[in-house]
Amino acid sequence: MSEQKQMTEQKKPYETGLTKISNTFFPMVESQLVGNGLKMDDYAKQCVMSAISSINAVLDSKGVAWGDAQLDKSNVTQTLLTVASLKLNAAANPREIYFQMRNSKKKVDGKDVWTKQIEMGIEGDGNDAILSNFGRGVKEVHQYWQVRADDRFVYPSYKGIEMQPPEWTPTGKGEVVRIVYPITKTGGQTEYYIAEREDVTRNLIAHINNNLMNETFGIAESKFKASSDQKKKIDAKKREILKKVESLGMKALDDEGIQEYISPAWKDPQSRESMIIRKMRNNVVKKIPKDFGNAFVEMTYDEAEDDSYSRVRREVNEKANQELIDIEPAKQPKRAAETPEYVDAEFTDANEPEQPKYTNIDKETGEIKPEKETELVGAATAEDDAPPF
């Protein structure tokens, strides 16, 4: 028995820790995809493998093991489902997605418990991949144009439904002022989608507004302990900052009073231009209609694309149905004497009112004749009582 056991152990292939993790998550991801009407092809499996490797690198950098009790395994499974359904490759160059770890608080048995969750974000090339795979009527997404300030550029012109294509002569000088995406549709025509640098101001406002979510500006200890008057002052301060950003535009990145509310990826000189270009690309790709062909894929895309939607949905899933609430039916007050309700009835033979029956009707004139007096049986008339003569 011992020799047979040794031979079995020798035949068993060597597995690394990462391979064991892949074998743990792969069946769960594949079964859920099949349950939602999706087939996990070879490229989707490759994307999941690349995602597991990238997530493993994030966990190693934070000193967190896969078996850590604080690591939210369901969150990891959901992230891998998103990767497989959207077919986003973390090993692609340039990257299509990135992963980061964040701490999240949720209720467990009525107590606040901190967990570690993996958060996925879609890079600029990831949006291009989604557009190529799921764009409605999209045949081919061509290489986008980076039009700089000193380049010669002529916008497209239209005459009815006929279009004159744009003209671009690159010089390689100046900052990137617009992004142009030539996209060929299934009908054969090529359309040009353009995003301007000034439009990125809206992305910057949304970014600062998100960073100001928990900011109290020293008015209160925290936004949860702030009084109604303190909340009004905090909201007024936020509106003042956002209004200033709107008036300054992209110059707000150099304003010292605003920089403290901006992430380094936006304000640092070495990454600022890449961030602006990425936002311009996203502004083009996101507005092109998508056809995912499956409700589950569309839902995962909405979660991955809209962080606020994902946060709210995650909070609902975690906190829904936590408490049993008994609701007693409200007692209806007695009503005063109500006016009877009249309903229009259809006239039929069954509900026809009875008509008086007359037997003494003149057939020629239709008049009703007066009825004769009924004679009493056995009664004598005056003539009968008269004496004979």
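Start by selecting helices α3 and α4, which pack at an angle of about 140° with their axes 8 Å apart. Axes here are lines fitted to C-alpha atoms, for helices over the stretch in contact, and angles run from 0 to 180 degrees between N-to-C directions. Helices (H or I, at least four residues) and strands (E, at least two) are DSSP runs, numbered from the N terminus.

Before you go on, keep in mind that this is a predicted model: local features need pLDDT of at least 70, side-chain atom pairs count only at pLDDT 80 or more, and totals for chains, interfaces and linings use all residues. Residues are numbered from 1 along each chain as its sequence is written, and side-chain values use heavy atoms, with hydrogens and water left out.

Now show the side chains between the two helices. From α3, Ala44, Cys47, Val48, Ala51, Ile52 and Ile55 meet Leu80, Val83 and Ala84 of α4; contact means heavy atoms within 4.5 Å. What classes of residue make up the contact of α3 with α4? There are nine nonpolar, no polar and no charged residues. In this count, Ala, Val, Leu, Ile, Met, Phe, Trp, Tyr, Cys and Pro are nonpolar, Asp, Glu, Lys and Arg are charged, and the others, Gly among them, are polar.

Stay on α4 and select threonine 79, which lies in this helix. Threonine 79 counts as buried at 7% relative accessibility; buried means under 20% relative accessible area, exposed over 50%, and partly exposed in between (1.4 Å probe, protein chains only). Not counting residues up to four places away in sequence, threonine 79 touches Phe99, Ile118 and Met120. Its C-alpha atom is separated by 9.9 Å from that of isoleucine 52, 27 residues apart along the chain.

Next, select Trp66, Leu80 and Phe99. Of the 39 residues in the largest nonpolar core, these three touch the most other members. A nonpolar core is a set of buried Ala, Val, Leu, Ile, Met, Phe, Trp, Tyr and Cys residues joined through side-chain atoms within 4.5 Å. Elements giving two or more residues to this core include α2 (17–35), β1 (97–108) and α11 (295–305), while α3 gives the most, with eight residues. Zoom in on tryptophan 66: leaving aside neighbours within four places in sequence, its contacts include Ile21, Phe25, Asn56 and Lys73. A second, separate core of 34 residues includes Ile179, Tyr193, Leu212 and Tyr261.

For the last stop, colour the charged side chains. The structure holds 12 salt bridges, each a side-chain nitrogen of Lys or Arg within 4 Å of a carboxyl oxygen of Asp or Glu.

- Select lysine 185 and glutamate 191, whose closest N and O atoms are 3.3 Å apart. Lysine 185 is buried at 13% relative accessibility, and glutamate 191 is partly exposed at 28%.
- Select arginine 202 and aspartate 199, with closest N and O atoms 3.9 Å apart. Arginine 202 is exposed, with a relative accessible area of 58%.
- Select lysine 244 and aspartate 255, which meet in a salt bridge (3.5 Å, N to O). Lysine 244 lies in helix α7 (residues 228–248) and aspartate 255 in the loop between α7 and α8 (256–259), so the pair ties together parts 11 residues apart in sequence.
- Finish on Asp125, Asp128 and Arg281, which are linked in a network of salt bridges.
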